[in-house]
Amino acid sequence: MQIRLGELAVRLGVSLRGDDEVVVDHVAQLDSAGVGSLSFLGDPAYRAHLARTHASAVILKESDAADARVPVLLSDNPYLTFARAARLLHPYPEVVGGIHPSAVVDPAAQVDPSAWIGPLTVLEAGAVVGPRVFVGPGCILGEGVEVGADSRLVARVTLCAGTRVGQRALIHPGAVIGREGFGFAKDGERWVRIPQVGRAVLGDDVEIGANTSVDRGAIGDTVIGHGVKLDNHIQIGHNVVVGDNTAMAANTGISGSTRIGRNCTIAGAVGMAGHLEIGDNVHFTGMAMVTRSFKEPGVYSSGIPAMPNADWRRNAARFRHLDELTRRVKQLETLIANMNATHEREES
Amino acid sequence: MQIRLGELAVRLGVSLRGDDEVVVDHVAQLDSAGVGSLSFLGDPAYRAHLARTHASAVILKESDAADARVPVLLSDNPYLTFARAARLLHPYPEVVGGIHPSAVVDPAAQVDPSAWIGPLTVLEAGAVVGPRVFVGPGCILGEGVEVGADSRLVARVTLCAGTRVGQRALIHPGAVIGREGFGFAKDGERWVRIPQVGRAVLGDDVEIGANTSVDRGAIGDTVIGHGVKLDNHIQIGHNVVVGDNTAMAANTGISGSTRIGRNCTIAGAVGMAGHLEIGDNVHFTGMAMVTRSFKEPGVYSSGIPAMPNADWRRNAARFRHLDELTRRVKQLETLIANMNATHEREES
Amino acid sequence: MQIRLGELAVRLGVSLRGDDEVVVDHVAQLDSAGVGSLSFLGDPAYRAHLARTHASAVILKESDAADARVPVLLSDNPYLTFARAARLLHPYPEVVGGIHPSAVVDPAAQVDPSAWIGPLTVLEAGAVVGPRVFVGPGCILGEGVEVGADSRLVARVTLCAGTRVGQRALIHPGAVIGREGFGFAKDGERWVRIPQVGRAVLGDDVEIGANTSVDRGAIGDTVIGHGVKLDNHIQIGHNVVVGDNTAMAANTGISGSTRIGRNCTIAGAVGMAGHLEIGDNVHFTGMAMVTRSFKEPGVYSSGIPAMPNADWRRNAARFRHLDELTRRVKQLETLIANMNATHEREES
């Protein structure tokens, strides 16, 4: 989409320095920008690119504006302003209401006339699809599923029976929401499934990545708060509760019944045991192994960073004796303390 | 489904203490139960909830029965009895035989008249679907696939050519069984695929989680034993053998040709190297890194639990020198032994 | 497929020692081979099987040929020759051009007449499918997707809008290529999505495993080089670049904007942070935690191998004090050095 800078500044609520008739029609990075490009300078480390850019306009902080030779849009938070500008330039196509003839829609499903149901999608009985929802190709909405207004199921999303999705969700291909989670009782050596009768309930403005799974509750619901963002390949176990605006990166797994607070960030490939309590504003770095509750805000980490294999072999072998090593150091401390005491006695 | 307590006790084979005319129609936890709720007390830690519960009935051990003010069903294993009761109250809908008109069924596929083939499901030539099997929407059963009686493919399950599924399987959306695994020969810098001509063979009573993959064998089969339960996002490499009743939690990966025994439990995000031998009754805790065979029963673990980031940074930096540290301690021990020896010589 | 050994030797470009009229029709391992089996001896550790095998022919090095009692095909690289022979014996069925009547193909999609579009597959506007491409059942090719000649999408593959796939690709079920990656700006406590306007671009001879995700670029492309092989459940973040012939095993995750060189091998469950530079011929062992760039060729590792739980508990507890332990050792060294100095002064 083409937008004049004058109009863009108004729609973004920022001030423009430069020709308001210049037109931008796409976003680009400073160093690969050209005619029509809107770019941004967020990190001052890239300021050198600014003088040389061929962008038609740049979003930046006022303090960086002096270096620019092109029109600039001034923002205290260039990255955020850029995000909004990029959505204006690259909008999702407007949703046109309708049901593709190849979709299989149960007569007892309700689809808002402004919603789109894509090809080869299945809606089972009692599924309710709200206004302006986009349901892409190959999705499955089980019995009694509800999807709130303006949500977007990109393609091949599976919402199992009873799942609730709030408004403005964005759900990517391969996501499986609301399957029966991993609950079994032991009968001798055999496992007997515990029926999972809760639901998966997603708030508003939730995003679910590709091939990510959110299991339904065993009894009671699995709850994903408003504004939660989940990357790809994430596993959310039954009865997990994730607080508002918490974000998780790919390959992370949260075991059943763990409760995570608001505004947390959980990096990639983190593993959390079940039945933990994680407070608000808690941050875990990548591959952290979370085996206990962390209620205080802060950054928590674990893991051993990679090193040359030969070093690692030696060090990892020693780790197996770390407890013994610690005891040996304690013994040395005792020995030396004794020697010093003896020595002092001899001296005196 | 509604059941009178008298009938429920008979069907569960347990004894009832209380009014056998009381009706239950769903399961609930002790503290959120109400009229019609069947609850259970497994862990004595929750005994305080028992006196206050509004459940219509509670399953518990005789030793906990004294605290109950509602009808009780007595069981030596309340959790197992609860699992069975929950299935009675929340049964899967009975499978009605038939093929949805939108399904694409090859004329050379065989579907038992009592099986259901859901909408937009594909059955290729030679696929065989047994009695009372439920194949949900969006599934793909490749050439020569066989699915045993009473199995349930929830939705969007992919069974690649030649896959065998036993009886009473439960397979969740996104599962991919029997794809050609990761086998290549090197031709200079290039990789040349080794055709994978084995199958994936699942025993009876197997459960496969959402977005879990079980690769077919390279030569010979990948074998998932009877009663094996796999959670979501699990990777089973080619020619892996998993013994009966072994359970694995989400995000775990088992590399090719590893053999795992019976009755093992493998927690979440465990990684196993290939060509290992894991015995019966072996248990790995979450995120364990399994690089050698473990043939003896027991619990095995690895990984560093998360800690405040500043502490972790300091400790992880030291790990890089753990071998050196161990040598320094050894040197100190030698020095002190020498000093003591010298001192004793001087004394004498 | 049946092939005479004489013909097979010619097609493989190797020499045959034995009866060229013998026919093989499948591959098998030495110890389970029978009439019609073609087997191979790669690892001399299995030489004992050679004398006893019932295979109709064996591929091996000339230096191992003396032990064989059956016809042999001589190769300097038996495993590679076996890979090629196995493909001759077990070819993919020839692709027959056509579009299954249940497929939903937009009029503005272009399908080469020699390509096959399977049942219940969706091609959106502008999708271009090249010669002899096999698109299996349940695939989704979004707007403007291009798939090069002789590629094979096994089943249920999702190629999001704009994705480019080169020639001779092999993509397995559940793969999601080109979804909008994980990019957000913060607006107070809320996350605002950054539109992702780049593409996912796959070179020639690429393989993508089951349930693996490759995100499109944020600005600019995510690039998977020629001959790259990705196993199952791999996450490739936006703007990652993977060099030619690099292979990654299952459950690995690469964070955004990391660049990986050529001819690397990355074992299972490795995690890489974002914005790293990994050189050519770099190899990471399983579960390695990669938090910095590694530009030099070599093998790099991390992680703690599993051990009995009681040992692990003791050692992991000590790890929390490893920095302190190191300081204690330093202090001991200083103390002893001082004691020795004092002692020497006293002696002199």
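Buried area is the accessible area, taken with a 1.4 Å probe, that two parts lose on being put together, summed over both. With that in mind, hello everyone, and let's look at the model above, which is a predicted one.

I'll start with chain C and chain A. Between these two chains about 6100 Å² is buried, and carbon and sulfur atoms give 64% of that area. Chain C brings 75 residues to the contact, and chain A brings 75 residues as well.

What about charges here? The interface of chain C and chain A holds 9 salt bridges. One of the pairs to look up on your screen is A:E207 with C:R193, a salt bridge whose closest N and O atoms are 2.4 Å apart. There are also 32 residue pairs in polar contact between chain C and chain A, counting pairs with both residues at pLDDT 80 or more.

Which elements of chain C make up the side that touches chain A? Those that each supply at least two residues are the strands β21 (176-179), β22 (184-187), β23 (190-193), β26 (213-215), β38 (289-290) and β39 (298-301), together with the helices α4 and α5. Of these, α5(C) gives the most, with 10 residues. Sorted by class, this side of chain C has 41 nonpolar, 20 polar and 14 charged residues.

Strands meet across this boundary too. Strand β40 of chain A, residues 307-308, pairs with β39(C) in the antiparallel sense over 2 bridges. If you want to find the spot, A:P308 stands opposite C:Y300 in β39(C).

Now let's turn to chain C and chain B. Here, 75 residues from chain C and 75 residues from chain B take part in the contact. The two chains bury about 6100 Å² between them, with 64% of it on carbon and sulfur atoms. Across this interface there are 9 salt bridges. Among them is the one between the side chains of C:D323 and B:R318, at 2.7 Å from N to O. The polar contacts between chain C and chain B come to 32 residue pairs, both residues being at pLDDT 80 or more.

On the side of chain C that touches chain B, at least two residues each come from α3 (78-89), β28 (229-230), β31 (247-248), β40 (307-308), α4 (309-319) and α5 (322-347). The helix α5(C) gives the most to this side, with 14 residues. The class count for this side is 36 nonpolar, 25 polar and 14 charged residues.

And the strands? Strand β39 of chain B, residues 298-301, is joined to β40(C) by 2 bridges, and the two strands run antiparallel. There, B:S301 stands opposite C:M307.

How are the copies related?

Finally, a look inside chain A. Strands of a sheet pair through backbone hydrogen bonds, either parallel or antiparallel. Chain A has an open sheet of 10 strands with parallel pairing, in the order β9-β12-β15-β18-β21-β26-β29-β32-β35-β38. Its edge strands are β9 (104-105) and β38 (289-290), each pairing on one side only. Within that sheet, 2 bridges join β12 (residues 122-123) to β15 (residues 140-141) of chain A. The bridge partner of A:L123 in β15(A) is A:L141.

How values were computed:
Residues numbered from 1 in each chain as written. Chains lettered and ligands numbered in written order. Predicted model: local features only at pLDDT ≥ 70, side-chain atom pairs only at ≥ 80, totals over all residues. Heavy atoms only, no water. Contact = heavy atoms within 4.5 Å. Salt bridge = Lys/Arg side-chain N within 4 Å of Asp/Glu carboxyl O. Polar contact = N/O pair within 3.5 Å; in protein donor to acceptor, adjacent residues only side chain to side chain. Helix = DSSP H or I, 4+ residues; strand = E, 2+ residues; numbered from the N terminus. Nonpolar A, V, L, I, M, F, W, Y, C, P; charged D, E, K, R; others polar. Pairing = 2+ DSSP bridges.
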